[in-house]
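Hi,

Here is the structure I said I'd pass on. Have a look at it first, then read my notes below.

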Amino acid sequence: MRAPCDLLLANATVLTMDQKFTMYRSGRVAIAGDRIVAVGPDADAYDAGATIDCLGRVVMPGLVNAHTHVPMALLRGLADDLRLDVWLMGYMLPVEREFVSPDFVRLGTRLGCAEMIRSGVTCFADMYYFEETIAEATAEAGMRALCAQTVLRFPTPDATSYEGSLARARDFIERWRGHPLIVPAPAPHAPYTCTPEILRACAELAVEFDVPLHIHMSESVQEVEDSRRVNGMPVVPWVKKHGLFDAKVLAAHCVHVDDGEMRALKNVGAGVAHNPTSNLKLGAGIAPVARMLELGLNVGIGTDGAASNNDLDMFEETRLAALLNHLTGSLEPGKRADLIIVDLDPLHNVPAFGRDPNGVYAQIVYASKSTDVMDVMCNGRWLMRDRKLLTLDEAELREAARGQAKRVDAFLSGREVSVLQKLVAVGGAVELESFEVQVKARVPSAEQVLAVIAGKRVTIVRSSHYHQFDTYWSFHDPDQGWLRYREDEFLDEAGNVTGARARLTLTGRTREADLGGVLLFRSRYLAPAAHSPRFYREYFRPAAEHVVEKERRRWLLVYRGVEFYVHLDRLLSPPGDGYFIEVKSRTWSQRDAQDKAAVITDLLALFGTSPDDTISDGYVELVAGRR
Ligand SMILES: [Zn+2]
């Protein structure tokens, strides 16, 4: 009397991926409910309601995508060939702020699940916003996932504060813990986007509910250098110090980790999600995977968001299943029935050699393509049969995704029309409401100016001394104006640097009026320069760049009852002879501007310059030789 089961897969090359890498030729797999009940000769003891003949096909465990942001499938190809920070801060975050909603993540998850099922993935680790909606859509599609709710120190599309995202994560974990397909988790986004307090709170939450924790770690050289500079140590020991590894950690990337850090990851039982395509595409580098495996670290392969396809050893990724409570990852009795059937008949798989019995592994890794995946089962349920998706409607997804892309395109096109809009998109530019009257003139020496400053005819309110490094960018359309990245080094009396700051200014080129050599300018836009000049260069893609370096003495003074800023400048690069003097004042009306222009003309005479010495160009225009 043979035992009953629901399904028998017969005549297959069965790659069990168990500890011993057992393989069966013409093997069988018996499935009952959501589980595998027998594999190989043991399956002969079962009688099935249905049998599938798998001649010429491989039956193996479903693949695991160890790190992704599944809804970002909707943003695939949005901004390519950019470095990590420009891609993230310049494009992804602004678009996410604008568009990411429960509807967006639901559609993106369904699109991403459809794509993953087609390539033989039955399980993935996700990190995004509105993770509960992602969990719902994933469970509906029948896939297994670690769904990790993002927490970071900035406002996100689903929370205005870190406390808000943490509360969301707690609520989600409480409700989904114990689900047959979904493992809920907190995801502090990355050490550099979190505070020690956030890292600790997330780890405590994961420990409290006995769920894993997902995080990005040591992705770029910049991240590691910043950590060394600010925290005095690389990333892994720093997060360890703040209690992160109290939780079971799945760390994405780990591109820039040293031997000691790899050993530390191994000792705390962390898993590493290696994302070769994403790392290479964004120029982050190549993770020391061979060394990680040598040290016995659990390494899985992920696609990261929006990037596609894996190469390297696909089988390593199944090891990460350890984080999902050993339910999956191999074909063994008692394990969940998460498996795929791969066709070895397509031309690119032909011929196959029998000399090495393990040749079939190499064939799967190096020759097979995702399109060879014929059937996909997760938790005992067919998600794809004969390449037809059973839980998702592809035609409907295609249409909805295209509609969404149109809306994102319209948003970005609107932003790309002007440098100002792009500036607003990355950092809250502030418009200076006022007009400004200003004049610039050459002065043969500093002495007369300094004598006036020291004298009684002006009252000095404040004074300062800087070393200024200005990078000016211009654009093909001159109406866009100049974008200036200015780094000020503050100098003390002895010329020592006492501090520094950086600012971005967008200056319109139009001057409103010429009041006898004194010019009236329209407002400018100021933004804090939170990123490096390199970031802005790659983000704004200017047509030309000019660098001006100067020493500036600056005074706020009162002359004839009017406040003025006076600059005494000496050009250092490109080197110029003599000095320039600039006199500026804010104004709100044409009438006031005229009055101030008259006072400025007097002040200039005091400084020893005549109206003939005035220059209407800015420094960059002098340097660039254009008006
Ligand atoms: Zn990622």
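I call a residue buried if 20 or more other C-beta atoms lie within 10 Å of its own, exposed if 12 or fewer, and partly exposed in between, with C-beta atoms placed from the backbone. Helices (H or I, at least four residues) and strands (E, at least two) are DSSP runs, numbered from the N terminus. This is a predicted model, so local features need pLDDT of at least 70, side-chain atom pairs count only at pLDDT 80 or more, and totals for chains, interfaces and linings use all residues. Residues are numbered from 1 along each chain as its sequence is written.

First, helix α16. A593, K596, A597, I600, L603 and L604 are buried there. After α16 comes G608, with a positive phi near 90°.

Then there's an open sheet of 4 strands, ordered β6-β7-β8-β9 with parallel pairing; strands pair if DSSP finds at least two bridges between them. Its edge strands are β6 (63-68) and β9 (182-188), each pairing on one side only. Between β7 (residues 121-128) and β8 (residues 144-151) there are 6 bridges, and D126 stands opposite C147 in β8.

Cheers
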